[in-house]
Each structure stands twice: as C-alpha cells, then as structure tokens.
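This report covers the salt bridges of the structure shown below.

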Amino acid sequence: MRRLEASAFSGAFPGEHELADEYDVSRHTVREALRQLRQVGILDSGRGRRTAVQTARIEQPLGALYSLFSEVQARGMRQRSEVLTRESRRDSTVAARLGIDADTEFVYLERLRYADEQPLALDRTWLLASLARPLLEANLTATGVYAELASLGGVRITEGQERIHAVTPTADQRRLLGLGRGVALLAIERIGRVTGNPAEWRETLVRGDRFSVVAKWTPHTAYQMAVADGSPLGSSRRRSAGD
C-alpha cells in the first residue's frame, strides 16, 4: 500500500510472477492480495487487459454551487490550468444561447485542466467582456476563473443552468486529454448568471474515466436532477458551477 500511495505504479503494473519474486511470496499469496485490491476498487483489470491502478474519480454534486478547482484540491490533488487561448471576440452563436445582442463582446478562454499533472478537462468559456476584461491579464495557472473574476472585478456568478451529456472525443481532444481507447467525454454546457442576467456560456469536456456526477434524494425531497425540456439547457434553474 505504501508504494501505491506513493504512485510507484503509475506506469505498467507488475505481473504476478514479478511480484512473487520481488516480495518472496507464493503466487497464491499474490493473487489473493490482488483480488482484495480489485475488490475495494484500487486495481482495475479484465480479460485481455493488463492490471492497472484505478485512477481516482472526481465526484461532483448536482444542483449546488461547485468549483472543479476546489473539488480537485479537496481530494488532495494538485490542480493547475494551461491557458491555450485568451482573447476578446464576438460570437453570434454564443450570444444567441445567452439571449443577448449578436454583436456583444466576450472574453474567451480555453484552458486545459490538470489534476496531479494528469489532463482532466478541456474548458472553453465565454464571459461578457464588460464584466470579465480583467481576466485578459490575470494569471489563471493555479486559480479558478470565478475566484479571479470576484477578486479583480467584484463580479460573482451565483446561479445558472447546466446540461450534461456524453460525447465521443475527436482525435485532437483525445490527444490533449491523454484518453485511452473507448473512453468517452462528459460535456458540461453551462449558462452562468449575475443577479439573474446571463453573463457566461461555458462548455467543459471532462474525462469520463475521471469524473462523475452524483445526486441525493430522500422519501421527502425531490430527486435533484433537472429534466430537459428541449430548451438549450433544460427546464430547471440551478445554482451554477464554475471555476
């Protein structure tokens, strides 16, 4: 376990023979130890696949204000962002999604998000330039967009809507995110609002093998997952996510 916690097996995981020789134990002992590690979800293996250490998943609650930046850090992982594109631009398609004038100026950010130096998400954000212009000069490597927006401009995005669905990655997305074969992406499409007014459109593509969403319910409360009604982001207003 000490070697697992130290990420000693981040590459190929040793085979049974190698482990038996290294620890001077029988293959039966090795098999039993591996079985227990698979049972508790530490190791992953299957027919035709080599055994590998299971990568930790980031769980995200539905229907609440959250930050991918904070969720990563809360699990003891190192978080950083690589800014791929940062510029002012106009985008009539995004403006239409927000229900605002087609000539509206946006601050556009495209970032590659990392957790423990492993690619986690590809994030594209359009924010009203009238609110977010300070982000054009901000250092976003080790902080969240919303935190910088509040710190530099006093602007807080407090509510919004999201739609989450699975997508097949393109070749470029697979390369950027280091995806293995058969791994899908979760696309999170978001409208963020400031005092009820639309201020942000965001599309985040998250690795499906690293991220999951969770919902809570009880016999006395409704299930906290919005049902889409055919509108851009579904029918229910939710507190927006964002970082």
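## E87 and R89

In this predicted model, E87 and R89 form a salt bridge whose closest N and O atoms are 2.5 Å apart. E87 has a relative accessibility of 31% and counts as partly exposed. R89 is also partly exposed, at 27%.

Over the whole structure, the search finds 11 salt bridges.

## D116 and R78

A salt bridge joins the side chains of D116 and R78, with an N to O distance of 3.8 Å. The two residues lie 38 residues apart, and the pair links distant parts of the chain. D116 sits in the loop between strand 5 (105-115) and strand 6 (118-128), while R78 sits in the loop between helix 4 (68-74) and strand 4 (79-90).

D116 has a relative accessibility of 30% and is therefore classed as partly exposed. R78 has a relative accessible area of 54%, so this residue counts as exposed, the cut-off being over 50%.

## R80 and E117

R80 and E117 form a salt bridge, with 3.0 Å between the closest N and O atoms. This pair, too, links distant parts of the chain: R80 belongs to strand 4, E117 to the loop between strand 5 and strand 6, and 37 residues separate them.

R80 is partly exposed, with a relative accessible area of 27%. E117 is partly exposed as well, at 39% relative accessibility.

Methods: Residues are numbered from 1 along each chain as its sequence is written. This is a predicted model: local features need pLDDT of at least 70, side-chain atom pairs count only at pLDDT 80 or more; totals for chains, interfaces and linings use all residues. Side-chain values use heavy atoms; hydrogens and water are left out. A salt bridge is a side-chain nitrogen of Lys or Arg within 4 Å of a carboxyl oxygen of Asp or Glu. Helices (H or I, at least four residues) and strands (E, at least two) are DSSP runs, numbered from the N terminus. Buried means under 20% relative accessible area, exposed over 50%, partly exposed in between (1.4 Å probe, protein chains only).
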